[in-house]
Amino acid sequence: KNLMYDRNSGNVKLVDFGMAQKVKGKLKDDTYAVSLLSTPKYVPPEMATEFKSYKTSDVFQLGVLFHELLTGYHPFAACNFEEGDSYRESEIVKYALANLCNERDKEYDVLKQNPEIDSLVESMLDKDYKKRPKPSVVRDKLDEIIENYG
């Protein structure tokens, strides 16, 4: 739901229009937007506790997506809820609270066999937004990994 694919260029963009906000000026490391809206599955810990989104909040969300694409599973969710009348509430418990409290499941062969990728995903999923890599660092590391595997 939160990916846009451009068939012409082959580019994929991660988007969440529910929390999109325009910020004046250049973003500093401590610049944040206040938001109550996001997809529970991708809510970073700082949004779950303070409703604040920093530029490294996007890095966390992308880390969740990378983990899912690599393993087929969410990195923190450990319980299964059925969709139904209280679907939104169960999503918040299953994912948003898990993103805040649980440790990442690292027991996947694809991660064990690719330590560079595992290390990048691990850094992207740090619970502390200040310790996550900046988006430009993620891009550079991805370029390096692609070059090594290419």
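**Asn114.** I began with Asn114, which counts as buried because its relative accessibility is 14%, under the 20% cut-off. I note that the model is a predicted one. I placed Asn114 in the loop between helix H4 (109-112) and helix H5 (115-124).

**Aromatic pairs.** Next I went through the rings and counted three aromatic pairs. One of them is Tyr54 with Tyr129, a stacked pair at 3.6 Å centre to centre with 5 degrees between the planes. I located Tyr54 in the loop between strand S4 (52-53) and helix H2 (55-71), and Tyr129 in the loop between H5 and helix H6 (135-149), so this pair ties together parts 75 residues apart in sequence. I found both Tyr54 and Tyr129 buried.

I also looked up Tyr73 and Tyr108, which form a stacked pair with 5.7 Å between centres and 20 degrees between planes. Tyr73 is in the loop between H2 and helix H3 (87-101) and Tyr108 is in the loop between H3 and H4, so here the parts tied together are 35 residues apart in sequence.

**Lys127.** Last, I looked at where the charged end of Lys127 sits. I found that end over the ring of Phe76, 3.7 Å from the ring centre.

Key:
Residues numbered from 1 in each chain as written. Predicted model: local features only at pLDDT ≥ 70, side-chain atom pairs only at ≥ 80, totals over all residues. Heavy atoms only, no water. Helix = DSSP H or I, 4+ residues; strand = E, 2+ residues; numbered from the N terminus. Buried < 20%, exposed > 50% of the residue type's maximum accessible area, 1.4 Å probe, protein only. Phe/Tyr/Trp six-rings, centres within 6.5 Å; stacked < 30°, edge-to-face > 60°. Lys NZ or Arg CZ within 6 Å of the ring centre and 35° of its normal.
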